[in-house]
Amino acid sequence: MQDARKAQTTKSARTPRGERAPTSDAAAPASPAASVRRSPSAARRRRADAAESEIAGIRITSARRVIDADSGTRKLELVRYYERAARWILPHLRARPVSLVRAPRGLSGEMFFQRHSGRVPLPGLTEHEGLDPGHPALLTIDTQRALVSAAQMDVIELHTWNASVDDIERPDRVVFDLDPDPALGWDRMIEAAQRTRALLAELGLESFCKTSGGKGLHIVVPLAPEAGWDDAKAFARAAAQHLASVWPTQITATMGPEHRKKKIFVDYLRNARGASTAVAYGVRARPGMGVSVPIGWDELEATTGGAHWTLATIDARLAQIEHADPWAAYGRVRQTVTAELTIGLETGGK
């Protein structure tokens, strides 16, 4: 492992140069007095647009393109959000491999999922060679500028691995994605999250909750990076299957819509090497532009859905978190999952 880390090389792609702004008008106003009475000239409007759409030193192209017809959200609004929310998002992004959902034509167009660097580098993102054998470099977003650059390159969603590039073979968290049958009421989701938390607590594990920004909830268990990928996934599978065995009419650990009818699927598969989960405070590429938001367990019953907060309402939540961060203790938690815990779950013990 140590040799592999020594062999790792990183490099940052260059930030693109801004486009040149127009320098002249097609026609000048007849007189200064007339120019005061009339709307600004075309050149002034273009200069204003250029200034408005340069964020963190990056020129934002197609800034006024509507990316979500349901909410009327424009690309510039998304980029501005990632700029001002960087202080909250970056602690969950830095040094962690990121997968990207890109939507060059907005939600109504074709979208694609990118896990590795491509032939055309993404400006500002850091490339990490050699961490995913047989594949191009993994990517990280480590600065506000890189985050804005990703949004300029039509990235909407950000998904992160459960490990950092500094210790890629030992995950530092386990994630349970609670994914409901759409026919279920949200009260069932709240109950399933509480039961998941209770089970983890009985095992001596502290957990944290966040909305997914989509349909469900994410339960996150921070870990000291000691166990390997197979052990972390085995524990997550055993916990999910234990929940399904205790509440078989309400919870399932089996993938597929036929198994999820009137149930909540506890998805443990996000704990495999290379799997990823939507980042905290990240926007989802779905109509309405929901945001994945950390919450306190005492706030869970007040939520109304996985997209309780959206791009249109998130600023009030950020202001609230400024004074009371529900995940303030996350970084101080030191706990591990062991083979004994997994075996106990598999045999019905705790």
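Visitor: How many residues lie between β12 and β13 in their hairpin, and which residue in the turn has a positive phi?

Guide: Strands here are DSSP runs of E with at least two residues, helices are runs of H or I with at least four, and both are numbered from the N terminus. In this structure, β12 and β13 form a hairpin with five residues between them, and Gly213 in the turn has a positive phi of about 85 degrees. Please keep in mind that this is a predicted model, in which local features need pLDDT of at least 70 and side-chain atom pairs count only at pLDDT 80 or more, while totals for chains, interfaces and linings use all residues. Residues are numbered from 1 along each chain as its sequence is written, and side-chain values use heavy atoms, with hydrogens and water left out.

Visitor: In which sense do β12 and β13 pair, and over how many bridges?

Guide: Two strands pair if DSSP finds at least two bridges between them. Strand β12, residues 208–211, and strand β13, residues 217–222, pair in the antiparallel sense over four bridges, and Cys209 stands opposite Ile219 of β13. On β12 there is also a link to strand β17, residues 294–295, which runs antiparallel to β12 and is joined to it by two bridges; there, Lys210 has Pro294 as its bridge partner. Strand β13, in turn, pairs with β11 in the antiparallel sense over six bridges, with Asp177 opposite His218.

Visitor: Are the residues of β12 and β13 buried or exposed?

Guide: A residue is called buried under 20% relative accessible area, exposed over 50% and partly exposed in between, using a 1.4 Å probe and protein chains only. In β12, Phe208 and Lys210 point one way while Cys209 and Thr211 point the other way, and all of them are buried. In β13, six of the six residues are buried, so this strand is largely enclosed by the rest of the structure. Both of its faces are covered, with Leu217, Ile219 and Val221 on one side and His218, Val220 and Pro222 on the other.

Visitor: What span should helix α7 have, and how far apart are its end C-alpha atoms?

Guide: The expected span of a helix is 1.5 Å times one less than its number of residues. Helix α7, residues 186–202, has 17 residues and should therefore span 24 Å, and its end C-alpha atoms are 25 Å apart, which agrees. Just after α7, Gly204 takes a positive phi of about 85 degrees.

Visitor: Which parts do the buried residues of α7 pack against?

Guide: Contact is taken as heavy atoms within 4.5 Å. The buried residues of α7, among them Trp186, Met189, Ile190 and Leu199, pack against β11, β13, α8, β14, β15 and α10.

Visitor: How many salt bridges does a search of the whole structure find?

Guide: A salt bridge is a side-chain nitrogen of Lys or Arg within 4 Å of a carboxyl oxygen of Asp or Glu. The search finds 15 of them. One of these joins the side chains of Lys75 and Asp154 at 3.3 Å, N to O. That pair links distant parts of the chain, with Lys75 in helix α4 and Asp154 in the loop between α6 and β10, 79 residues apart.

Visitor: Where do Arg87 and Glu322 lie?

Guide: The side chains of Arg87 and Glu322 meet in a salt bridge at 3.1 Å, N to O. Arg87 lies in helix α5 and Glu322 in helix α9, so the pair ties together parts that are 235 residues apart in sequence. Arg87 is exposed, with a relative accessible area of 55%, whereas Glu322, at 41%, counts as partly exposed.

Visitor: How many aromatic pairs does a search of the whole structure find?

Guide: Rings of Phe, Tyr and Trp (its six-membered ring) pair if their centres lie within 6.5 Å, and planes under 30 degrees apart count as stacked, over 60 as edge-to-face and the rest as tilted. The search finds five aromatic pairs. Phe208 and Trp327 form an edge-to-face pair, at 5.7 Å centre to centre with 65 degrees between the planes. Phe208 belongs to strand β12 and Trp327 to the loop between α9 and α10, 119 residues apart. Both Phe208 and Trp327 are buried, and together with Tyr330 they form one aromatic cluster.
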